[in-house]
There are 2 protein chains.
Amino acid sequence: MTQSKEPAPRASRRGFLAATAGLAAGSAAGCLAPATAAEALVSAGATRAGQHPIVPFWGKHQSGIVTPAQPHTYFASFDLVTTQRDEVVEMLRQWTSAAARMSTGQPADQPRAEGAPSTSADSGDVLDLPPSRLTLTFGFGAQLFIKDGKDRYGLAAHRPEALVDMPIFTGDQLVPTRTGGDLSVQACADDPQVAFHAVRQLARLAGDVAQIRWVQTGFIAAAGASATPRNLMGFKDGTANPPVADPGAMDQFVWVGSEGPDWMRGGSYLVARRSRIALEHWDRMSVAFQEQTFGRSKLSGAPLGKKSEFGPLDLEATDHEGNPVVPENSHVRLGHHTSNEGARILRRSYSYNDGVNFTAERWPPWRQGLEYDAGLLFVCYQRDPRSGFIRIFERMSKFDMMNQFVTNTGSGLFACPAGIDKGGFIGQRLFEAAL
Amino acid sequence: MTQSKEPAPRASRRGFLAATAGLAAGSAAGCLAPATAAEALVSAGATRAGQHPIVPFWGKHQSGIVTPAQPHTYFASFDLVTTQRDEVVEMLRQWTSAAARMSTGQPADQPRAEGAPSTSADSGDVLDLPPSRLTLTFGFGAQLFIKDGKDRYGLAAHRPEALVDMPIFTGDQLVPTRTGGDLSVQACADDPQVAFHAVRQLARLAGDVAQIRWVQTGFIAAAGASATPRNLMGFKDGTANPPVADPGAMDQFVWVGSEGPDWMRGGSYLVARRSRIALEHWDRMSVAFQEQTFGRSKLSGAPLGKKSEFGPLDLEATDHEGNPVVPENSHVRLGHHTSNEGARILRRSYSYNDGVNFTAERWPPWRQGLEYDAGLLFVCYQRDPRSGFIRIFERMSKFDMMNQFVTNTGSGLFACPAGIDKGGFIGQRLFEAAL
């Protein structure tokens, strides 16, 4: 059983099981002989290597931020349950290593050495799947730095000013079990099983150091790489994003610069919101009303009064009666950077679909019954949430016509550190600065 | 605005919005002029037609049964809330028409005539998406025929013998709000938004005639058309299915024959089970134990003692100590047709992932906390559930080693009528026989 000490072939999901299954076979009647399994796996691994696109994990920035959105996500917030700083660091090391491995299609763990516990190094449910452009993006919540007034890990002095306590917005109906958390992990991939798999391995590796606080699955309709996907309201979502292909725009709006602490330079702030949409009601509205609410044409995505999705938004235009073509309280007007002192954020949202649940409405005719628990996992990245999401949403939460169809039930703000070079670990510069 | 009376182009998702948006534009400042929108749509529709695979809706059998499984599903159970038989028939007519249209990428409704209410004919969130091999499969629950002792729609005498009340199996933890229902609709598609969209339109068309009782989303990892997908336990699922390409096998095991009532000949019985899997515990088991539980190799999917996934299952084989190579209580042994008087079913299951929820375990060390609410939406089709799922699961529910990781929380048995020719409606032969 010496093959259990061999590293798995690169870019093959299958190597690890050769090792663990080989270990196991000695004690289990009827398993394949280890040599046979290992041989089969080496050849299987070789044929899979390099055929499928991989998003690099190591680098100046974390992946999954300006990465073109993969169609599936599994977002998880974790609470740390240890009091030991060293355990947090060790877990982040393990998470980093596992994330890098999984992003290339390898199993989360190195195969165990002979004599080690024989539990799986990986749940194995993605064995036949390509890396699926998996990205894992990590973030730190305010409570990592200080929680209930306690500086748990000696990090309090290093909490960035931009990592504010999120204000409570008009209309917020936040559920504590869908809000906040010490750490965030967003997995995005071409396959829902690959995204879930990745977080599942990290949660297992977290052991008794961190526990899941809340999770949310999400998806984007596969409209094709060049098209702006439609959300469940039927409108194109993301048209007005700053251009990810323009490094200058990203430096201006997304990446933290010299204004931030060293460990956040090249990082970004993530805001996630779970926005339930009353689809039953929305579907009863006329297209004209929906378009007035959005401020865009439903079909083309063009701003009202324009013909092209990417046509400029003209907030000054009026119709023959002198009324604004793009209504005062429309979503697109209130969200636009010219309405918000130039504030721009990089939206990277997903639809979510959690089935149905019982809802007692709070307005006549007081319908009570099952309604869709579906809507938007709103995700955005920005250089500073105070001049990004918070500035924009402060007004939208009060005036956006769309609010009558949307209820925010969950929320999180996380500082996503800069990317790292191979051999480092997520947040290393923070923990080393705070030594 | 005469264009609102024109039918939408075939195989184009976009025609309908031209009509409804055109209607709406007259009353909304800033919308595109109707003629412009309509022109854009006709050309957009023409370029989309015929490029993408479509699963035919009309035919001898309903689609979505022997159709190779698409990667996403949205399963819905409906309760009828009308007392009027005519309203049920009218809704089934509308559903049939909408299903046929949506399966080719058209909107659910015909565009409304001028003067009709201006609500959307369709929510429009799949406007840019291909038909995505959408199938919609309809079924009738026992309560359609008799509920609380009442013959609501004059159908009681036509309830098939095979549409039994489901027995309560050992270990069942069925939740009423995830169990049963008068009607089932299973949407399957290449895109999760297309599957949800389809049921959402049907639910809207149901108006006050039927309401959603429970729903479940599901997915299959995209392992490629030729590979057996792995479930969340990491094992290949579906290897031992009867061959869908063999019409004789399908007639023997899946399609109702002359033993059934006329309206069920060419139909099939659907069993759906929501099987939550304790993934946290499963992941702590050794691969060897997992393989003993399944009775198959995790990597290859081969029966224990064999080398090939599709190798014959040898239930007689013993090891050198005389113990069975495929354990007595393994999943594959208990499920195999040779253990069940030849019973075979066509499994067409999906994984589901509903995030996490609070769980208080019932065994030491009495862990209480968040656990994955994820597992299997087990779906199978068969000619007669009494000699199919019920016979097989009666024993499995008692003896299968896998039961310690699986809790069945929802269940449904539905009679899926034969397919129909264009112009008919789902269940037409039942309702006409019962006139």
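In chain A, 76% of the contacts between residues at least 6 apart in sequence join residues at least 24 apart. The model is a predicted one.

**Chain A as a whole**

- The secondary structure of chain A consists of 11 helices and 9 strands.
- Chain A has 435 residues, of which 55% count as buried.

**Glu341(A), a loop residue**

- Glu341(A) belongs to the loop between helix 9 (331–335) and strand 6 (346–347) of chain A.
- The phi angle of Glu341(A) is near 50 degrees, which is a positive value in a residue other than glycine.
- Glu341(A) counts as exposed because it has 9 C-beta neighbours inside 10 Å, and the limit for an exposed residue is 12 or fewer.

**Two packed helices in chain B**

- In general, the packing of two helices is described by the angle between their axes and the distance between those axes.
- For helix 3 (residues 85–103) and helix 5 (residues 192–206) of chain B, the angle is about 155 degrees and the axes are 10 Å apart.
- Angles over 145 degrees count as roughly antiparallel, and helix 3 and helix 5 of chain B are therefore roughly antiparallel to each other.
- The crossing of helix 3 of chain B past helix 5 of chain B is right-handed.
- Helix 3 of chain B contributes Met91(B), Gln94(B), Trp95(B), Ala98(B) and Met102(B) to the contact, where they meet Ala198(B), Gln201(B), Leu202(B), Leu205(B) and Ala206(B) of helix 5 of chain B.
- The residues of this contact comprise 8 nonpolar, 2 polar and no charged.

**Arg133(B), a loop residue**

- Arg133(B) is situated in the loop between helix 3 and strand 2 (135–140) of chain B.
- Its phi angle is near 55 degrees, a positive value in a residue other than glycine.
- Is Arg133(B) buried or exposed? Arg133(B) counts as buried because it has 21 C-beta neighbours inside 10 Å, and a residue needs 20 or more to be buried.

**Ile277(B), a strand residue**

- Ile277(B) is part of strand 5 (residues 268–277) of chain B.
- Ile277(B) has 21 C-beta neighbours inside 10 Å and therefore counts as buried.
- Leaving aside residues up to four places away in sequence, Ile277(B) touches several residues, including Leu232(B), Met233(B), Trp282(B), Leu376(B) and Phe405(B).
- Ile277(B) and Leu376(B) are 99 residues apart along the chain, and their C-alpha atoms are separated by 7.3 Å.

Notes
Residues are numbered from 1 along each chain as its sequence is written. Chains are lettered from A and ligands numbered from 1 in the order in which they are written. This is a predicted model: local features need pLDDT of at least 70, side-chain atom pairs count only at pLDDT 80 or more; totals for chains, interfaces and linings use all residues. Axes are lines fitted to C-alpha atoms, for helices over the stretch in contact, and angles run from 0 to 180 degrees between N-to-C directions. Helices (H or I, at least four residues) and strands (E, at least two) are DSSP runs, numbered from the N terminus. Angles under 35 degrees count as roughly parallel, over 145 as roughly antiparallel, 65 to 115 as roughly perpendicular and the rest as oblique. A crossing is left-handed if the near helix is turned anticlockwise from the far one by less than a right angle, and right-handed if clockwise. Two residues are in contact if their C-beta atoms, placed from the backbone, lie within 7 Å. Ala, Val, Leu, Ile, Met, Phe, Trp, Tyr, Cys and Pro count as nonpolar, Asp, Glu, Lys and Arg as charged, and the others, Gly among them, as polar.
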